[in-house]
Amino acid sequence: MELLSLQGWLRADPMVRRSTVMEVGGSVPGPGEMGTGLDVLGLVTGNGWSAASFVLAVAAWRQSRPQRPRVEIRRGDTVIVLTDCSQEEIERATRALAAADGDEGGNR
């Protein structure tokens, strides 16, 4: 399961782990069901939250995957989708998450 892989990757990153609590959600399909195809990794961030560290960790994980899944990040009303993890996309995602926190520098 890709979501568990991402959770493990983020837990292994000391910059993300020190300020983030993670919880995997989603529904397990019953026998004969296909499921929704939607899994969620809920994150609760605290002091020391760094949007830049988080986005870089997610981008690195995504680039390590053979099929490079689409990753959608939501923080409040802000939605960021990582598709190619280019430098521009990473910078845009970091700025958007920092702005969602009211912190233009990317750190809280």
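## Ground rules

Axes are lines fitted to C-alpha atoms, for helices over the stretch in contact, and angles run from 0 to 180 degrees between N-to-C directions. Helices (H or I, at least four residues) and strands (E, at least two) are DSSP runs, numbered from the N terminus.

This is a predicted model, in which local features need pLDDT of at least 70 and side-chain atom pairs count only at pLDDT 80 or more, while totals for chains, interfaces and linings use all residues. Residues are numbered from 1 along each chain as its sequence is written, and side-chain values use heavy atoms, with hydrogens and water left out.

## Overall layout

The protein has four helices and four strands. Along the sequence, they follow the pattern α-α-β-β-α-β-β-α.

Of the 108 residues, 33% are buried. Buried means under 20% relative accessible area, exposed means over 50%, and partly exposed lies in between (1.4 Å probe, protein chains only). Now take contacts, meaning heavy atoms within 4.5 Å. Among contacts with a separation of 6 or more, 48% link residues 24 or more positions apart.

## Helix α1 against helix α3

Helix α1 covers residues 2-12, and helix α3 covers residues 51-64. They pack at an angle of about 135°, with their axes 10 Å apart. That angle makes α1 oblique to α3. Angles under 35 degrees count as roughly parallel, over 145 as roughly antiparallel, 65 to 115 as roughly perpendicular and the rest as oblique. The crossing of α1 and α3 is right-handed. A crossing is right-handed if the near helix is turned clockwise from the far one by less than a right angle, and left-handed if anticlockwise.

From α1, the contact uses Glu 2, Ser 5, Leu 6, Trp 9 and Leu 10. From α3, it uses Phe 54, Ala 57, Val 58, Ala 60, Trp 61 and Ser 64. By class, eight are nonpolar, two polar and one charged. Here Ala, Val, Leu, Ile, Met, Phe, Trp, Tyr, Cys and Pro count as nonpolar, Asp, Glu, Lys and Arg as charged, and the others, Gly among them, as polar.

## Two views of this contact

Which residues of α1 are buried? They are Leu 3, Leu 6, Gln 7 and Leu 10. These residues lie on the same side of α1 because they cover an arc of only 100° around the axis. The arc is that of the directions from the helix axis to the C-beta atoms.

Trp 61 sits in helix α3. It is buried, at 3% relative accessibility. Leaving aside neighbours within four places in sequence, Trp 61 touches Glu 2, Ser 5, Leu 6, Trp 9, Pro 69 and Val 71. Ser 5 is 56 residues from Trp 61 along the chain, yet their C-alpha atoms are separated by 8.4 Å.

## Helix α3 against helix α4

Helix α4 covers residues 87-100. It packs with α3 at an angle of about 140°, with axes 9 Å apart. So α3 is oblique to α4. This crossing is right-handed too.

The α3 residues are Ala 51, Ala 52, Phe 54, Val 55, Leu 56 and Ala 59. They meet Ile 90, Ala 93, Thr 94, Leu 97 and Ala 98 in α4. This contact has 10 nonpolar, one polar and no charged residues.

Ile 80 lies in strand β4, residues 78-82. Its relative accessible area is 8%, so Ile 80 is buried. Leaving aside neighbours within four places in sequence, Ile 80 contacts Val 71, Glu 72, Ile 73, Ala 93, Ala 96 and Leu 97.

Cys 85 is in the loop between β4 and α4. Cys 85 is buried, at 5% relative accessibility. Its phi is near 55°, a positive value in a residue other than glycine. Most residues other than glycine have a negative phi.
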